Amino acid sequence: MEDTLEVYKRPYDEAQPLICMDESSKQQIKDTRTPIPAKPGTVARYDTEYERNGVSNVFMFFEPLQGKRVVEVTDQRTAIDWAHQIRNLVDVHYPQAKRITLVMDNGY
């Protein structure tokens, strides 16, 4: 853990950016009943019942020393999807980088 924290103390170097990556699966839901619209003196009312409408995966890359974020939403979460995101990071977002330091809290 201490080694990872030391990475954040490095000075910014455009040729060797520090990138943090995280990913998360999110359940998609939709309402099953029409909300009751707001009227003067009351707020709109929504029923808590919902229907499951699939799952999406969110990949997020964050460059803390620059405050830059890249977010990509995919339909699935596989090792191939992860590899495509890494290739996109390297080839599209940081093609000028000589080396990228990638910090992840989980991985394949």
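Is Arg 33 buried, partly exposed or exposed? I looked it up: Arg 33 is partly exposed, at a relative accessible area of 45%. Buried means under 20% relative accessible area, exposed means over 50%, and partly exposed lies in between (1.4 Å probe, protein chains only).

**Entry 1: ground rules**

I am working with a predicted model, where local features need pLDDT of at least 70, side-chain atom pairs count only at pLDDT 80 or more, and totals for chains, interfaces and linings use all residues. Residues are numbered from 1 along each chain as its sequence is written, and side-chain values use heavy atoms, with hydrogens and water left out.

I checked confidence next. pLDDT is the predictor's confidence in each residue, from 0 to 100. The chain averages 90, and 95% of the residues score at least 70. Among the elements, helix 1 (residues 2-7) has the lowest mean pLDDT, 78. Helix 2 (residues 79-93) has the highest, 95. Helices (H or I, at least four residues) and strands (E, at least two) are DSSP runs, numbered from the N terminus.

In what order do the four strands lie? I read 3-2-1-4, in an open sheet with mixed pairing. Strand 3 and strand 4 (101-104) are the edge strands, and each pairs on one side only. Neighbouring strands are turned by 30° against each other on average, direction ignored. Helix 2 packs on this sheet and touches strand 1, strand 2, strand 3 and strand 4. Its direction makes about 40° with that of strand 2. Axes are lines fitted to C-alpha atoms, for helices over the stretch in contact, and angles run from 0 to 180 degrees between N-to-C directions.

I then went through the pairs. Two strands pair if DSSP finds at least two bridges between them. Strands of a sheet pair through backbone hydrogen bonds, either parallel or antiparallel. Strand 1 (residues 18-31) and strand 2 (residues 50-63) are antiparallel, over 11 bridges. Here Ser 25 stands opposite Asn 57 in strand 2. Strand 2 and strand 3 (residues 68-74) are also antiparallel, over seven bridges. Phe 61 has Val 70 in strand 3 as its bridge partner. Strand 2 and strand 3 form a hairpin with four residues between them. In that turn, Gly 67 has a positive phi of about 70°.

**Entry 2: salt bridges**

How many salt bridges does the structure hold? I found five. A salt bridge is a side-chain nitrogen of Lys or Arg within 4 Å of a carboxyl oxygen of Asp or Glu.

One of them joins Glu 51 and Lys 30, at 3.8 Å from N to O. Glu 51 lies in strand 2 and Lys 30 in strand 1, so the pair ties together parts that are 21 residues apart in sequence. Both side chains are partly exposed: Glu 51 has a relative accessible area of 40%, and Lys 30 has 38%.

I returned to Arg 33. Its side chain meets Asp 47 in a salt bridge of 2.5 Å, N to O. Both residues sit in the loop between strand 1 and strand 2, 14 residues apart. Arg 33 also forms a salt bridge with Glu 49, with the closest N and O atoms 3.3 Å apart. Glu 49 lies in that loop too, so this pair ties together parts 16 residues apart in sequence. Asp 47 is partly exposed at 33%, and Glu 49 is partly exposed at 39%.

**Entry 3: Lys 26**

Where is Lys 26 placed? I located Lys 26 in strand 1. Lys 26 counts as partly exposed, at 44% relative accessibility. Leaving aside neighbours within four places in sequence, Lys 26 is in contact with Gly 54, Val 55, Ser 56 and Val 58. Contact means heavy atoms within 4.5 Å.

Lys 26 and Thr 78 are 52 residues apart in sequence. In space they are 14 Å apart, C-alpha to C-alpha.
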